Amino acid sequence: MTASNRPMSLSFTRSAYPWLIVCCGMLFYCYNYFLRVSPSVMQNELSQAFHINAYQFGTLAAFYYYAYTPMQVPAGMIYDKFGVRFVLCAACLIAVMGLSVFITADSFAMAGFGRCLIGLGTAFAYIGTLKLASIWLAPNRFATVAGLTTAIGMTSGALAQKYLTYFVQTIGYQAALKTALIAGVVLSGFIILMVRNRPKNETSNTGEMQAPIDLKQLLIALRLIFTNRQMWLIGIIGCLLYLPSSVFLDLWGIPYLKAVYHVTAEQAVAISSYTFYGWIISGPIIGLISDKIKRRRAPLTFTGFFAAVLLCAVFYMPGIELSGLYTIFFMIGFCCGAHPLCFALGKENNPIQISGTAVAVTNMLIMLGGAVFQPVVGKLLDISSSQVDGSGLPIYSSSDYTLALSVVPIGVALGIFLSIFLKETYCKSQASKESEDLFAGAPQPALSLVEGELATEEGK
């Protein structure tokens with residue numbers, strides 16, 4: 001290599017290698033999304049296999065959230081304490097173990113336990129990706145990574161529904177999920193080979209402290225986060241604005257479309273996928289716009305309003321043509337793409353030293369929506385249903401689904417109202433000097449060469 005080419009190669013390594021490491025976290029988040037949405041195309045198969053009604057089906061799917069949601073805070077603390085590499089690999093293997101239990105389950109309880117293990121392992125996926133981003137990339141790339149990660153996860157969700165719909169119908173849900181076991185093992189090996197906790201050169205650390213915080217500081221971090229009113233507001237708003245995904249897309253959307261709009265399973269999956277596609281496109285775009293205009297609240301509120309309007313059209317304006325459904329669902333996904341800004345708000349309302357824990361708490365509050373409302377929708381379906389099939393299982397009409405899923409547009413509308421009370425962060429840390437002083441013992445990072453290069457490019 002010539003002397004002139006060496007600086008170019010070094011520059012490429014500095015800029016590309018951090019993104020490669022962050023992409024490892026993104027792949028695990030894709031795997032997480034595949035496993036999360038898989039029950040949405042298996043309602044009939046799982047209901048018949050375990051002889052369960054809608055409430056029990058919603059509960060079975062929500063077992064994922066029962067482990068996933070409370071593990072968000074410990075996950076962030078574990079990352080802040082021990083680093084990302086081995087934790088992310090172990091988490092992937094736990095998810096694989098849970099999938100194995102779910103596939104071989106011969107009872108509702110065993111299947112629920114498998115879903116819990118899946119939730120336990122994948123609880124580390126999104127937090128780990130954002131943690132890697134905060135370590136390896138410049139701060140002004142955080143919202144972009146949050147949006148891009150969500151977009152890639154949505155791609156996985158769309159492909160999962162399409163793949164599983166076909167194979168579940170042809171070979172059964174157990175055989176269809178077995179290939180995911182192999183993929184999980186391969187992914188865990190890839191993570192352990194590629195991921196590193198921090199750059200070798202300490203001065204290239206972009207946003208994290210140079211040593212993990214100790215247990216005392218972790219406890220201080222929890223107290224600081226949970227006594228911050230803005231954090232509660234961010235979490236509740238994020239939970240409500242995420243209901244189109246955690247309740248509708250992840251579980252009840254396909255059964256709803258089949259029952260209300262009388263489409264085939266393949267058409268229902270295709271329509272649902274358009275929501276993912278809209279989310280995929282808008283997530284990175286809105287993240288970039290937010291970083292550029294240095295605003296978080298306005299994009300979140302503006303897009304949330306249009307999402308609520310479109311959801312009301314789907315639920316309360318029957319008779320929409322098939323082509324219209326594709327367009328509406330795409331726009332719903334596009335409007336929901338601003339949701340990752342909640343994580344940026346959570347990060348920016350706390351000291352940078354506890355970014356992992358802060359983002360984890362935000363994610364925990366957001367994911368409560370799936371844990372609470374997936375079974376609630378099922379319960380509302382069972383209450384409103386008045387018919388049963390030959391095997392004794394309830395039959396749900398279009399009006400039953402519309403009533404039960406009204407929690408989604410109502411929740412989004414409430415989230416928009418609450419966003420009025422959010423304080424803008426202007427893409428800067430809003431932590432007080434007193435809060436920063438609580439972590440004064442932690443080494444403070446120097447700006448990385450990569451961040452300096454990005455700042456230079458933006459100044460041109």
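Which residues in the largest nonpolar core touch the most other members?

A: Trp252, Tyr256 and Leu405 touch the most other members of that core, which holds 127 residues. A nonpolar core is here a set of buried Ala, Val, Leu, Ile, Met, Phe, Trp, Tyr and Cys residues joined through side-chain atoms within 4.5 Å. Buried means under 20% relative accessible area, exposed over 50%, and partly exposed in between, with a 1.4 Å probe and protein chains only. Leu405 touches Val247, Phe248, Trp252, Tyr256, Phe315 and Val377, residues up to four places away in sequence being left out; a contact means heavy atoms within 4.5 Å. Apart from this core lies another, of 15 residues, among them Val73, Ile220, Val361 and Met364. In soluble globular proteins, nonpolar side chains tend to be buried together.

The model is predicted: local features need a pLDDT of at least 70 and side-chain atom pairs count only at pLDDT 80 or more, whereas totals for chains, interfaces and linings use all residues. Residues are numbered from 1 along each chain as its sequence is written, and side-chain values use heavy atoms, with hydrogens and water left out. The predictor's confidence in each residue, pLDDT, runs from 0 to 100; the chain averages 84, and 89% of the residues score at least 70.

The chain has 21 helices and two strands, which are DSSP runs numbered from the N terminus (helices H or I, at least four residues; strands E, at least two). Of its 460 residues, 57% count as buried. Among contacts between residues at least 6 apart in sequence, 85% join residues at least 24 apart.

Several buried positions illustrate such links across the sequence. Ser246 lies in helix α12 (residues 243-260) and counts as buried at 0% relative accessibility. Leaving aside neighbours within four places in sequence, Ser246 is in contact with Tyr65, Gly369, Gly370 and Gln374.

Ala151, in helix α8 (residues 142-171), is likewise buried, at 4% relative accessibility. Beyond four places in sequence, Ala151 touches Trp279, Ile280 and Pro284.

Leu224 is placed in helix α10 (residues 215-226) and is buried, with a relative accessible area of 15%. Its contacts outside four places in sequence are with Pro351, Ile354, Ser435, Leu438 and Phe439. Between Leu224 and Ser435, 211 residues apart along the chain, the C-alpha separation is 7.6 Å.

A loop residue can be buried too. Leu422 sits between α19 (407-418) and α20 (433-437), yet has a relative accessible area of 3% and is buried. Leu422 touches Gln230, Leu233, Ile234, Ile237, Arg297, Leu300 and Leu345, not counting residues up to four places away in sequence. Leu233, 189 residues away in sequence, has its C-alpha atom 7.1 Å from that of Leu422.

His51, between α2 (43-50) and α3 (54-68), is partly exposed, with a relative accessible area of 46%. His262, between α12 and α13 (265-293), counts as exposed at 67%. Phi is positive in both, near 50 degrees for His51 and near 55 degrees for His262. Most residues other than glycine have a negative phi.

The axes of α4 (residues 72-82) and α7 (residues 125-136) come within 10 Å and cross at roughly 35 degrees. The contact is made by Gln72, Gly76, Tyr79 and Asp80 of α4 and by Ile127, Gly128 and Lys131 of α7. These residues divide into two nonpolar, three polar and two charged; Ala, Val, Leu, Ile, Met, Phe, Trp, Tyr, Cys and Pro count as nonpolar, Asp, Glu, Lys and Arg as charged, and the others, Gly among them, as polar.

Where pLDDT is low, the predicted coordinates should not be read in detail.

How values were computed:
Axes are lines fitted to C-alpha atoms, for helices over the stretch in contact, and angles run from 0 to 180 degrees between N-to-C directions.
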